[in-house]
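Hello,

Here is the structure I promised to pass on to you. Please have a look at it first, and then read on for what turned up in it.

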Amino acid sequence: MSQSIAANPDRLLPVDPGTRAIARELLAEVEHLPLISPHGHVPAEMLAEDTTFPDPTALLVSPDHYVTRLIHAGGVGLDQLRVGPGPHSVDSRTAWRHFAAAWPLFDGTASGYWIRSEFEHVFGLPAETVDSFGAETADAVYDAIAAKLAEPSFRPRQLFEDFGLEVLATTDDPLDSLEAHRLLAKDESFTGRVLPTFRPDPYINVAHPEWAARVDRLTAEAGDGVGGYAGYLRALENRRRYFVENGAVSADHGVRTPLTLKLSGPEAEALFAKACRGQATAADRDAFEGHMMYEMARMSVEDGLVMTVHPGSFRNHHTATFTQFGADTGHDIPFAVHYTEGLRPLLQDFGTAKDFHLVLFTLDETVFSRELAPLAGFYPSVYVGAPWWFLDAPDSILRFRSAVTETTGFTRTSGFIDDTRAFCSIPARHNMSRRMDAGFLARLVAEHRLTEARAHEIIVDLVDGSPRRVFKL
Amino acid sequence: MSQSIAANPDRLLPVDPGTRAIARELLAEVEHLPLISPHGHVPAEMLAEDTTFPDPTALLVSPDHYVTRLIHAGGVGLDQLRVGPGPHSVDSRTAWRHFAAAWPLFDGTASGYWIRSEFEHVFGLPAETVDSFGAETADAVYDAIAAKLAEPSFRPRQLFEDFGLEVLATTDDPLDSLEAHRLLAKDESFTGRVLPTFRPDPYINVAHPEWAARVDRLTAEAGDGVGGYAGYLRALENRRRYFVENGAVSADHGVRTPLTLKLSGPEAEALFAKACRGQATAADRDAFEGHMMYEMARMSVEDGLVMTVHPGSFRNHHTATFTQFGADTGHDIPFAVHYTEGLRPLLQDFGTAKDFHLVLFTLDETVFSRELAPLAGFYPSVYVGAPWWFLDAPDSILRFRSAVTETTGFTRTSGFIDDTRAFCSIPARHNMSRRMDAGFLARLVAEHRLTEARAHEIIVDLVDGSPRRVFKL
Amino acid sequence: MSQSIAANPDRLLPVDPGTRAIARELLAEVEHLPLISPHGHVPAEMLAEDTTFPDPTALLVSPDHYVTRLIHAGGVGLDQLRVGPGPHSVDSRTAWRHFAAAWPLFDGTASGYWIRSEFEHVFGLPAETVDSFGAETADAVYDAIAAKLAEPSFRPRQLFEDFGLEVLATTDDPLDSLEAHRLLAKDESFTGRVLPTFRPDPYINVAHPEWAARVDRLTAEAGDGVGGYAGYLRALENRRRYFVENGAVSADHGVRTPLTLKLSGPEAEALFAKACRGQATAADRDAFEGHMMYEMARMSVEDGLVMTVHPGSFRNHHTATFTQFGADTGHDIPFAVHYTEGLRPLLQDFGTAKDFHLVLFTLDETVFSRELAPLAGFYPSVYVGAPWWFLDAPDSILRFRSAVTETTGFTRTSGFIDDTRAFCSIPARHNMSRRMDAGFLARLVAEHRLTEARAHEIIVDLVDGSPRRVFKL
């Protein structure tokens with residue numbers, strides 16, 4: 001009596017039958033539109049090289065900190081899940097068995113939903129198999145997926161096409177050569193757009209352990225022979241231009257808080273020098289990072305890169321885990337952030353700048369109704385970023401739409417971004433977003449707050465128009 | 001196939017058919033009760049003079065910063081919308097065309113819903129016209145509304161009656177002569193109650209650019225010849241008494257934060273003197289404003305004016321806009337506020353004072369369950385203000401009721417306030433509130449948490465009893 | 001035409017008929033499972049002595065600050081409700097009449113729902129009687145309940161059995177002899193488990209007026225003759241061991257904020273000495289309390305007591321009420337708290353400690369999605385505590401599940417705790433929790449996010465497995 005969950009045509013739609021019927025119609029408009037993914041973490045090399053995926057664990061478990069963190073909470077060490085650079089204490093199959101045994105932890109989670117969707121839709125596992133996934137069936141599922149991964153149709157480029165991806169943005173170091181992107185752009189056999197994204201965090205955040213070394217290298221490589229603060233700014237501008245030339249549409253900033261600050265040239269130069277001497281205090285570091293956000297906005301106004309900001313995550317909360325396994329291993333924890341005062345210096349000068357786009361993301365959902373919707377409802381530059389990371393899930397998406405729409409409508413939101421390093425989860429994530437938007441719009445129709453005709457236009461705009469417009473695609 | 005949205009009898013009611021049926025019955029109890037509006041921004045002069053409205057733009061667009069802000073976010077300059085004092089760079093019709101072109105931005109917003117309701121209910125536009133409102137039909141709609149505005153039945157007093165308004169409070173400067181209110185009170189041909197509200201912000205907030213000049217004028221005009229801090233307090237007391245004599249029931253305070261402070265007489269006097277000398281620091285200003293909130297509460301205990309507090313808005317966030325267009329032009333942005341510690345000095349001394357009413361509003365909805373409901377559920381003086389400004393919308397109202405009711409029930413909330421300067425939106429706003437309360441109560445009935453009989457009593461009390469009781473009408 | 005609300009089999013279940021049908025099936029799995037109450041405030045003496053309850057007011061009104069606070073907000077002095085230690089200004093019947101007259105204030109509140117359930121289910125009052133409860137029927141209801149209380153079946157132990165209680169934890173002073181617990185454990189005629197809980201707040205919070213005296217007594221009684229800071233720690237360890245020997249499974253901490261701090265031995269000793277001399281500043285007190293949270297975690301790692309933390313309540317907000325009526329009389333008011341940074345020192349060292357359980361409760365629901373779910377989704381020690389106090393209510397529970405589940409699933413939550421001193425409300429509270437979980441799970445099933453089979457397993461685990469596992473029962 002197993003039922004397919006991931007294939008149920010009504011999955012994630014509202015439970016009220018009348019509303020569900022409206023949502024179905026809305027979904028039909030967009031379910032099969034191409035996927036536009038203007039922000040994420042899939043490496044371009046994967047597509048450039050188009051090599052087969054090594055094994056189910058390396059594809060679905062080890063690199064996905066959404067997944068490993070919850071298994072870790074359930075009591076399995078990250079070393080048992082092959083997290084971080086090797087050598088690993090277990091083989092892939094053993095790690096997979098840990099995952100299978102931990103599968104019940106994922107009930108009700110977004111990750112559980114995506115993985116189930118991948119099992120059914122990407123790997124074609126029958127619903128019965130997915131229903132019975134666990135310690136006893138771990139090996140059989142591992143083998144079934146491994147067999148699929150060996151097939152030519154499971155190479156990255158073929159999946160890119162099968163997923164219906166049209167645009168995929170990666171996230172890249174400012175000094176990245178972008179070789180993989182250039183190769184893909186030149187390759188006529190590959191028709192997708194794979195765009196780099198300029199992500200300068202370690203060059204801007206003085207607290208980053210490698211900041212000074214990175215800045216040295218940046219200035220040396222791209223500073224046009226100019227040294228000091230002037231060379232540093234020049235180098236950032238040059239590398240941004242290089243990214244633009246290679247198709248980049250946005251610059252992404254993973255700052256600690258949304259604090260911005262406008263320093264005078266001499267003030268900024270003095271802080272920079274102090275930081276280079278390793279003498280910056282915590283307050284100096286915050287001031288310099290805040291000032292550099294201002295400078296990044298200035299450069300975005302000049303070179304047209306959309307500025308996306310992802311603040312509010314306490315990175316590497318558990319030092320012992322960071323030491324052993326590195327960053328992005330599941331212990332980044334959100335905290336409260338404040339945009340209204342923090343962004344003011346930047347918005348004072350650039351909030352109404354022509355063609356400037358500033359997309360604000362949050363992990364603190366209290367700011368959706370309190371700060372982001374009001375900001376995006378006045379400043380032509382500001383867009384509310386789609387729910388991100390821990391909030392990238394069905395109920396969270398509905399809370400976001402409910403919190404934002406009444407103040408700022410639909411047009412001031414960014415369109416969906418999947419922000420994922422889990423390539424095979426991309427279709428399920430976009431599909432989920434479309435379903436939640438269909439359900440939200442259907443409720444507004446059922447409550448007679450929107451005509452059905454407009455709702456049909458809006459959902460197409462949310463899925464297709466918004467990301468193209470906001471990310472200048 | 002156009003459907004009227006604004007006239008649909010089920011608009012805004014819950015989608016579940018069983019719950020909707022209960023909500024309909026509840027709504028029927030109150031839909032046609034008189035409107036009581038104990039806090040808002042319609043000028044009394046409009047009713048006293050009873051002149052025709054100049055044109056559709058001047059009535060519906062330019063003065064309503066809910067509307068102009070979103071058009072501005074869409075890329076139209078405020079000068080194109082005739083915001084602020086003239087001279088304006090476009091005529092009314094051109095500004096209206098900008099509004100019409102921007103109309104899709106309003107889908108799903110509260111303002112969009114109100115305007116649609118006004119189009120249909122106040123101006124009698126057919127649903128088809130409203131459905132097709134946009135750049136191409138801008139002129140026709142402008143002309144249709146302009147023609148209505150020329151009719152005698154569209155004069156303010158007739159609308160007041162047609163809207164079913166019984167009580168309308170205005171918001172007034174402490175030195176206002178209240179001539180318009182006095183004229184209306186004496187005029188036997190006008191049967192509504194138009195009440196002034198004492199709003200002393202610029203006389204209390206030392207950071208206000210005109211504070212010193214206003215305080216001088218206040219003391220000179222109403223200080224009974226006493227100077228300094230004593231004369232300042234005396235003048236405030238005198239003007240409050242004048243407002244009471246002219247029908248005022250409340251004093252409203254648009255403070256930055258809900259901080260209150262009890263200073264000794266000499267401390268307050270010293271701070272006042274320092275501020276008069278233009279030497280107050282930011283900390284001094286906060287302390288003085290906090291202390292004056294304490295003094296305002298003391299005066300409310302003495303003269304019976306209900307004290308309403310509206311904190312948490314960062315006023316005039318974008319300086320360039322403020323400089324060009326003035327205050328209240330759409331760039332006030334909320335931020336996080338904290339009532340529990342901030343209000344304690346005031347509540348320590350007046351929280352249980354006989355007949356003292358303190359109505360607390362918020363733009364930060366996190367405080368509904370965390371602070372306001374717990375405060376109102378203990379202190380006899382405290383009432384939770386209805387959702388305000390950005391939160392004055394269907395989903396927001398349901399979130400408010402859900403957050404507040406389980407701790408403090410229905411009787412400790414203020415009843416609806418429309419807080420609007422958009423006169424023609426008043427009926428739609430009150431109707432919206434009644435529908436949301438009907439829907440909320442209907443759900444409690446359908447979940448067997450409330451008897452239907454009690455729900456019928458409660459909705460009448462929310463619409464009629466609460467505002468009369470809380471605002472001492 | 002009175003309908004029983006409290007006995008309606010569908011009470012609190014979702015309104016959508018399809019979802020409700022699923023919820024009914026889920027509820028049937030757990031509605032009659034034994035009650036496990038691992039945290040609460042019922043005194044063990046009540047069961048040890050098994051004396052009859054004195055009267056309806058003393059049982060249902062005076063000790064329940066959820067109830068008296070709302071009547072107080074309605075304008076009745078706490079002296080009229082027999083709150084706090086006597087002498088009281090009114091008799092029990094008069095206080096009951098105040099309660100009856102205030103009954104409409106409770107519409108829609110959690111307390112109103114529980115009391116109604118108690119009236120119907122515990123005291124067997126007919127629905128008509130409950131519907132008409134109020135000033136006019138106060139005496140009749142008082143008499144009906146008083147008559148019940150005089151029956152032998154209304155003695156505490158019989159109710160314990162009738163309620164289906166299996167485990168009931170109390171909250172106890174570290175120096176409590178635990179005589180009542182020992183007596184119950186030895187008594188073969190009583191088969192329930194009544195467990196003490198170690199609650200050292202007044203020995204840890206330097207700001208507590210009796211801190212110094214309590215610490216002296218603690219060290220003298222349990223410090224093994226060692227003095228100073230070393231003796232203080234020794235005494236806490238010894239008393240924890242005594243609690244463990246007498247069945248305790250947890251230590252509970254009602255701290256002001258979730259701040260933790262790791263001081264060196266000499267630093268801690270110096271602070272302790274300073275506090276003993278009465279010279280601790282506010283910063284010293286916070287530091288010492290933060291450090292002691294760290295020490296409490298260390299002891300929990302060593303002795304196995306589950307560590308539960310209840311921060312974020314501003315205790316005794318209204319001094320005049322505290323002076324006259326004492327603590328826990330309804331004026332504790334929540335405020336915003338921050339766990340991510342505050343808990344880091346503790347989690348750095350103990351977050352992955354074997355068998356350490358740290359259950360984090362909150363009155364600030366913004367942290368559910370932002371901080372608690374992410375923490376519990378990584379640290380094996382951390383569990384998200386069930387909604388507590390003001391959040392222990394139907395809508396609040398659904399908001400909690402919605403905010404937490406998508407990030408961290410069901411297994412990282414604590415299971416329900418009733419936290420009550422209102423003994424007769426325990427069945428209604430647990431029943432409410434089961435109904436809300438059934439409704440939440442039913443929605444996930446109806447949205448095809450969870451199979452019905454798994455939902456049936458999960459609800460049993462939530463009601464039975466989670467509390468046993470999390471509280472090591």
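Predicted model: local features only at pLDDT ≥ 70, side-chain atom pairs only at ≥ 80, totals over all residues.

Do the copies meet through the same surfaces or through different ones? They meet through different surfaces, because only 4% of the interface residues of chain B are also interface residues in chain A.

Next, the contact of chain C with chain B. Chain C brings 51 residues to this contact and chain B brings 43 residues. About 3,800 Å² is buried between chain C and chain B, and carbon and sulfur atoms give 55% of that area. There are four salt bridges across this interface. In a salt bridge between Arg443(B) and Asp395(C), the side chains meet at 2.7 Å, N to O. Between chain C and chain B, 27 residue pairs are in polar contact, with both residues at pLDDT 80 or more.

If you want to find the side of chain C that touches chain B, several elements of chain C each supply at least two residues to it, including helix H1 (17–30), helix H4 (65–73), helix H6 (110–122) and helix H19 (394–408). By class, this side of chain C has 23 nonpolar, 15 polar and 13 charged residues.

Now to the inside of a single chain. Chain A is assigned domain 1 (52–154) and domain 2 (158–470), and the centres of these two domains of chain A, taken over C-alpha atoms, are separated by 29 Å. In their contact, 22 residues come from domain 1 of chain A and 23 residues from domain 2 of chain A. The area buried between the two domains of chain A is about 2,000 Å², with carbon and sulfur atoms giving 67%.

How many salt bridges lie between domain 1 of chain A and domain 2 of chain A? The count is zero, and one residue pair is in polar contact across this domain interface, both at pLDDT 80 or more. On the side of domain 1 of chain A that touches domain 2 of chain A, helix H4 (65–73) and helix H6 (110–122) of chain A each supply at least two residues. The largest share, six residues, comes from H6(A). That side of domain 1 of chain A holds 14 nonpolar, four polar and four charged residues.

Best wishes

Terms used:
Residues numbered from 1 in each chain as written. Chains lettered and ligands numbered in written order. Heavy atoms only, no water. Contact = heavy atoms within 4.5 Å. Buried area = accessible area lost by both parts, 1.4 Å probe. Polar contact = N/O pair within 3.5 Å; in protein donor to acceptor, adjacent residues only side chain to side chain. Helix = DSSP H or I, 4+ residues; strand = E, 2+ residues; numbered from the N terminus. Nonpolar A, V, L, I, M, F, W, Y, C, P; charged D, E, K, R; others polar. Domains from an automatic or database assignment.
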